[in-house]
Amino acid sequence: MRGVIALVAVAGASLGMMGGGVAQSDPDPARNGPDRQSWELFMTVNANVAGGGNNNALFESWASDGDTFRASPVWPSGAAAMQIGPRALSLAFQRAHPRFTPEVLPGGAALVGEETRRNKPDFDFIVQNNLFKVSGLRTAFGAGKPIAFPVDSTEVKANWVEVGRLKEFNGFSGTPIEAAAAYHVNSIGGKQYALVSFHIISRLVPDWTWATFEHEDNPGRCDVIGCKDSFGAVDAYVAPLSPVESQTHYPGCAKTPAVLALFAQAHVDPAFANYCLKGSQSDFADPSGAAIRLGNSVTEQSFVAQSSCMTCHGRAAFDADGRPTTSGGFDPTSIGAPPGSGNAPVGPINSSWREGDPMRFGLPADFVWSVPFCAIDDTTEPPETKSRLCSSK
């Protein structure tokens, strides 16, 4: 697996002769060409590994939160089964830091399920450093050593809707066979689920790379912040048709020859051609200093206007007791506030989120929210053997 991800990191950066000199490889493709990098990661994590009655893409064979955050973490063997639970942000209030009043966070459409998957380098780092349990987080906090995942770490957060409920989700009225042609579909418990959106994050740069993809028929796909893809979309920018989140449908995202060439070389479910890059993020702000916003109409439903993948995950931290220091990255004073009212900060990391006066109260989890959110509490009696919130995802 390390080899596969490493290939992605250098894709498109080979040396070539130009006249009498040598064309230098791009030293930082994740920042200089983030949309291309996003599509290369797309092809890698979605490589077809179907077998044994499943329709798995590569990421679906990786460890889930339920595999990782348990008394004895285990890497999946054979064909990994889907593990779909509630959206993480709809559960975050249950793990609010004691200093904050737990309240229900915005969003959380009941018909949308979610799972988080991580590749082997990511999984091994969590397990080897005991970051899957509260006692390990307490030890890490006491040591004060920065947490830094391996550069070949990759995670995918996927959102699914039962095929039989697609009409409720976006008006789809086709047959299951038609759904399987339009969507990447997989099954669990005798039910078929359609992939409607997903994030891909990678540690190719210290602050990770962030890409979010949506099915082209998702309602409100480009609302509020628009859709931006300078590499894979014929229309590099699709302006929002609504300044607020809505049920507006957008035209399909016609693909450029460049991304079609990647599809031709890749071995992926043909239905993946119906997915669009909503946007990429590899920095907190653009060259003008304006905060970069990136949010998915499904994963970040109800707060797209104040969504920044990098800023939110930059707040992932835990205290001396091994507890999260924020409620899923939201400001404690605005949890439960009306959508779009500033309930999620954007822009660069603020040191006050991690340091008190006079003592530091938060150790950053290197942008990985699952660490403080899903860690099992092995310090209680009886100790937890599986994550209270993440065992099903």
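**Notes on the model: helix faces, cores and cavities**

1. Let's start with α10 (257-265): Val259, Leu262 and Phe263 are its buried residues (buried means under 20% relative accessible area, exposed over 50%, partly exposed in between, with a 1.4 Å probe and protein chains only; helices are DSSP runs of H or I with at least four residues, strands are runs of E with at least two, both numbered from the N terminus). Down the axis of α10 these residues fall within an arc of 100°, so they line one face of the helix (the arc is that of the directions from the helix axis to the C-beta atoms). The face turned away from the buried side of α10 carries the exposed Pro257, Ala264 and Gln265. On the inside, the buried residues of α10 pack against α3.

2. A word on ground rules. This is a predicted model, where local features need pLDDT of at least 70, side-chain atom pairs count only at pLDDT 80 or more, and totals for chains, interfaces and linings use all residues. Residues are numbered from 1 along each chain as its sequence is written, and side-chain values use heavy atoms, with hydrogens and water left out.

3. The overall picture: the protein chain has 12 helices and 13 strands, and 52% of its 393 residues count as buried. Of the contacts with a separation of 6 or more, 72% are between residues 24 or more positions apart (contact means heavy atoms within 4.5 Å).

4. Helix α7 (134-143) is worth a look next. Val134, Gly136, Leu137, Ala140 and Phe141 are buried there. They sit on the same side of α7 because they cover an arc of only 155° around the axis. Thr139, Gly142 and Ala143 are exposed on the face turned away from that side. The cover over the buried residues of α7 includes β12 (317-318), β13 (363-364) and α12 (370-374). Just after α7, Gly144 takes a positive phi of about 70°.

5. On to the cores. The largest nonpolar core holds 39 residues, of which Trp39, Phe42, Leu166, Phe198 and Phe272 touch the most other members (a nonpolar core is a set of buried Ala, Val, Leu, Ile, Met, Phe, Trp, Tyr and Cys residues joined through side-chain atoms within 4.5 Å). Elements giving two or more residues to this core include α3, β5 (154-162), α8 (166-170), α10 and β11, while β7 gives the most, with 6 residues. Leaving out residues up to four places away in sequence, Phe198 touches Phe42, Val156, Phe213, Phe272 and Tyr275, among others. A second, separate core of 30 residues includes Ile147, Ile201, Trp369 and Cys390.

6. Now the largest pocket, with a volume of about 400 Å³. For the terms: on a 1 Å grid over the protein atoms alone, a pocket is an open set of points with protein on both sides within 12 Å along at least five of seven lines, a cavity is a set where a 1.4 Å probe fits but cannot get out, and lining residues have an atom within 4 Å of a point. Grid points are joined across faces, edges and corners, and a volume is the space filled by probe spheres set on the points. Of the 20 lining residues, Lys228, Gly279, Ser280, Ile292 and Arg293 are the closest to the centre of the largest pocket. β11 (275-281) gives the most to this lining, with 4 residues. By class, the lining has 6 nonpolar, 6 polar and 8 charged residues (Ala, Val, Leu, Ile, Met, Phe, Trp, Tyr, Cys and Pro count as nonpolar, Asp, Glu, Lys and Arg as charged, and the others, Gly among them, as polar).

7. The whole structure has 3 cavities of 30 Å³ or more. The second largest cavity has about 90 Å³ of space, and 14 residues line this cavity, with Cys227, Asp229, Ala233, Cys253 and Leu277 nearest its centre. β9 (227-228) and β11 each give two or more residues to its lining.

8. Some backbone spots to check. Trp208, in the loop between β7 and β8, has a positive phi near 65° and is buried at 0% relative accessibility. Asn130, in the loop between α6 and α7, has a positive phi of about 55° although it is not a glycine; Asn130 is partly exposed, at 34% relative accessible area. Finally, a cis peptide bond joins Glu381 and Pro382, with omega about -10°, and Pro382 lies in the segment after α12.
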